[in-house]
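Open the model in your viewer and keep the selection tool at hand.

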Amino acid sequence: MRRVPAAGSGVAEGMAKSVCVNGHKRPAAAGEDAGRQRTARKRRKVDGGGQGPEEKSSCLSAALFGEDCEISHDQLYELLKYAALGRSHNAAQPSWCHISHQSHLAGVVVIILNEMSQLHFYKFYLQFKHLRRVFRHRFTLTPSANFPASLYGEGANLKPQNTAQGLNSTSGDCPPKSSGLQRNPIIRKYGEKKQGLTSYTLTLEEQKKNDYPIKGSPECKGYIYTECDQQRTDSSPLFGLDCEMCLTVKGNEVTRVSLVDAQGQCLLNELVKPETTVVNYRTKFSGITKKMLLPVKTKLSDIQTRLKKMLPHDAVLVGHSLNSDLQALEMIHPSVIDTSLLFARNAGRRFKLKFLAKAVLGKEIQCEERLGHDPAEDARAALELAQFFIEQGPAKVAELNLEKLLTDEKLAEASQNKAALQAQGCRVQKQLNEPPRVSKACFLDCLQVTGQKPLLLGREEPDPSGLCRSNLSSSNKQILQRALEDVPQSTFSIIQFSLGPEDIAAHPLAGLCAKVRSKLTDMLTIYAGPFEESFCLKSVKKEFEMCGPIQSLTVVAETYQPYVCIQYEVLEAAQLAVESLNETEVAGSCIKVQRPVTAAMLDCDVWIKELELDVENEGVIYVAGLKKSLTEADLQEKFSQLKDLETLFLPKDLQSGKHRNCCFLKFWKPQSALDALEVLNGWTVKGSKLRTRNALASGHLWRWIRQMNHSNGKQGGSIVHEKREQLSDSEQDLRKKVKRLDQYIKKLYGSLQNNTLCIVLFPGANSMHGAQSGLGLMGIKDGRGRSAH
């Protein structure tokens, strides 16, 4: 996903560090006096929750679309640590979301709905009225075999439980290793099996996306092509390349080039004379000084000629963010491995070369004692990283747990910096003189050491000697009453509600999954017709593709006149087809467009209406009709003209990696989204006539539907007609309990102070019967009783 800076939007850079609506800034208008500016600043500080005009409001922002909406327990833990402890206790800002003014949080409340998963939320979507209308951010949560243990910390003193909730008797029990690997972005990208080097070279699409010089591109006119056109194999030679640049009148120009072979021998390490006047030598990073370049006669053209002669015709170049080196060299090479992309991370982030060299190879490079970087050293490090990845395979690399190593390194640096300040005599609070180890093993202990008393209420409650004790006699109503009394007294609370083992046993996950899958399949499916016997199926497909990506299209021949069954990949596409193509002429026939009639679909209109009102879809619109030839850059350029645009999300095909013919646009203000709907409907972008509507499927739901479609194992379009039986007593009872549970959470949420971070978790399940993803909802309560951005 890419964040698009819209005109006048004031969007901060960085995917997860988006500025919240309450903190949205604008430049002062010409002639605006100082008094009005002061008034505007005060307004931005007020959150509407009874706080003084000078008190800042905490804000939460996150980019949760597509693959970026799945959050691991480590990432959730990362958020809780920062929210509860803050930077003053060496807790790092979460990598996947951003909290502004953390120190102004009134508290953190975590509500756990035990034994429940993402399936339960959508099975009882209409019953969870409060949850879906209050929390602005949702994410898929990876399932855990022992959720409380993973949340409290691996070293937490969980006592043996003989409860129906399934807590293991061993402390800190974690999901199987392979389960954790599946969530690693490296495994998601490459799989677990070893592959040859050709599997890791960038495709042409990846090179275009990452700004590599491309042969035939107008932007690369005058660039030198290496002519290394021979077919690559897994035995093709690897060469490490790195350049140092100085800033000149022309821009970034190469001042030093290094090339190393597969054995690490340096084949080229040459200083280069820039063509134009140097503005900044960047000596601290490049190591280049004016004195060094004075006697140099070598020009860029000389280097280009030498590199072209040195590289074999099947050479594969390796580098870290190699695109910038090739751009500076003004050279095009068809086969590259980029280690900044090879060691994949979530949300488009990248590891630095220095960190990877230390964490993977155990080598220290770019040392501070040395003036500037050594390009030969950097080229060798990148080459060895690629060789390690190829030889060891993705699974071994994923097991290194680079994200955790990076977090630990940052914590260590923060601790060293604090120690240095103490040595200089800076005054520090007494409890910070020996900072607690902020780690997963002792999170709750850290809170206690810092003076905070964590509150744990539910079926497991704290006892004097350990973390928690079993209290099966507590009902949800009793837990709520305790929470209403005790939560305001605590800055960090974990409240557990439970449907009870008897309800879960009566509604096994497998059956629940089948019902939800059937319901979503029916909502994604439409029937169109009747058509003439000799109708053109290609014309029908073309017309219905204008509404969005199609999963399958089949002709229904059992009827007197043929109908077409179309299953879409996104809910918005199916709804758009029903709204825009019903009773229109398609392929020479005036047709009807309708969803299948099943017992589960009788309340489809209610679902659609409620999904449109869902707070997470507020300010989000769906755009269809995009031609495949349109690039992401084309769309960014076109849509950046829209006012208050925050995010462009372009879904891509799971196998080909190419974008689908639709996208989602998220706006800072709901009104701006409504304005955009009017503007975009009928818009033409490079021959593409756009169709738009309000969004129905939020980021995590869109991802889940896509996974469901591809894991179904059956041809799309097959409709499961359920038996029209009366709801069983147990199901009616369960619906009442879920509705009551939603009311309990509403009461508890209403009692929270403004500026409180509230997180509601459906933990999911990871057992011998299979895994079901969990769901998280989060937000910071504002003065209107809703979660603030």
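In which loop is N401 found? Select N401: the residue sits in the loop between α16 (394–399) and α17 (402–423), where helices (H or I, at least four residues) and strands (E, at least two) are DSSP runs numbered from the N terminus. Phi of N401 is near 55 degrees, a positive value in a residue other than glycine.

Before going on, note that this is a predicted model, in which local features need pLDDT of at least 70, side-chain atom pairs count only at pLDDT 80 or more, and totals for chains, interfaces and linings use all residues. Residues are numbered from 1 along each chain as its sequence is written, and side-chain values use heavy atoms, with hydrogens and water left out.

Go to D211, in the loop between α8 (204–209) and β7 (224–225). D211 is not a glycine, yet its phi is positive, at about 65 degrees.

Next select G529 and P530. The peptide bond from G529 to P530 is cis, with omega near 0 degrees. P530 belongs to the loop between β19 (525–529) and α22 (537–545).

**A helix pair**

Now show helix α14 (residues 353–361) with helix α15 (residues 375–392). They pack at an angle of about 50 degrees, and their axes are 10 Å apart; axes are lines fitted to C-alpha atoms over the stretch in contact, and angles run from 0 to 180 degrees between N-to-C directions. That makes α14 oblique to α15, the class left over once angles under 35 degrees count as roughly parallel, over 145 as roughly antiparallel and 65 to 115 as roughly perpendicular. The crossing of α14 and α15 is left-handed (the near helix is turned anticlockwise from the far one by less than a right angle).

Display the side chains at the contact (heavy atoms within 4.5 Å). From α14 come L353, L356, A357, V360 and L361, which meet D378, A381, A382, E384, L385 and F388 in α15. The residues of this contact divide into nine nonpolar, no polar and two charged (Ala, Val, Leu, Ile, Met, Phe, Trp, Tyr, Cys and Pro are nonpolar; Asp, Glu, Lys and Arg are charged; the others, Gly among them, are polar).

The structure holds eight cavities of 30 Å³ or more. A cavity is a set of points on a 1 Å grid over the protein atoms alone where a 1.4 Å probe fits but cannot get out, and lining residues have an atom within 4 Å of a point. Volume is the space filled by probe spheres set on the points, which are joined across faces, edges and corners.

Select L64, F65, R136, E616 and K666: of the 16 residues lining the largest cavity, these lie nearest its centre. The largest cavity has a volume of about 120 Å³. Its lining divides into six nonpolar, five polar and five charged residues.

Finish at the second largest cavity, with a volume of about 80 Å³. Its lining includes V487, P488 and Q753. Strand β5 (residues 107–114) gives the most to this lining, with three residues. By class, the lining has six nonpolar, six polar and no charged residues.

Technical notes: 1 Å grid on protein atoms, 1.4 Å probe; cavity = no way out; pocket = protein on both sides within 12 Å on 5 of 7 lines; lining within 4 Å.
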